Amino acid sequence: MLCPYCKSEIPDDAKKCMNCGEWLDPVYRKPKKEEQSFFSAFSETVISFLWFGFLLVIAAIVVYAFLDYNGMINW
Ligand SMILES: [Zn+2]
């Protein structure tokens, strides 16, 4: 069979291409991909949470400044 990655001739029962080193068996390729997507999804969630917190702080400062400017906060 032909390697789908480098198009070189490899044995039909080969699990890994000896030419380019790519895994041909999806069982071996899948866990690595899932791990990567899990971490990228995790970091995306963390970044979106940080952005949400950042915007929340900005909004709180703006609201506080607005109320303070209008003399609505009397300590
Ligand atoms: Zn190959």
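Modeller: First, a helix here is a DSSP run of H or I with at least four residues, and a strand is a run of E with at least two. In this predicted model, the chain has one helix and zero strands.

Colleague: Okay, so where does C3 sit?
Modeller: C3 lies in the segment before α1, and α1 covers 26–69.

Colleague: Why is C3 called partly exposed?
Modeller: C3 has 17 other C-beta atoms within 10 Å. Buried needs 20 or more and exposed needs 12 or fewer, so a value in between is partly exposed.

Colleague: Which residues is C3 in contact with, leaving aside neighbours within four places in sequence?
Modeller: Those are S8, I10, C17, N19, C20 and E22.

Colleague: What is the phi of K7 near?
Modeller: Phi there is near 65°, a positive value in a residue other than glycine. Most residues other than glycine have a negative phi.

Colleague: How much of the chain is buried?
Modeller: Buried residues make up 0% of the 75 residues.

Technical notes
Residues are numbered from 1 along each chain as its sequence is written. This is a predicted model: local features need pLDDT of at least 70, side-chain atom pairs count only at pLDDT 80 or more; totals for chains, interfaces and linings use all residues. Two residues are in contact if their C-beta atoms, placed from the backbone, lie within 7 Å.
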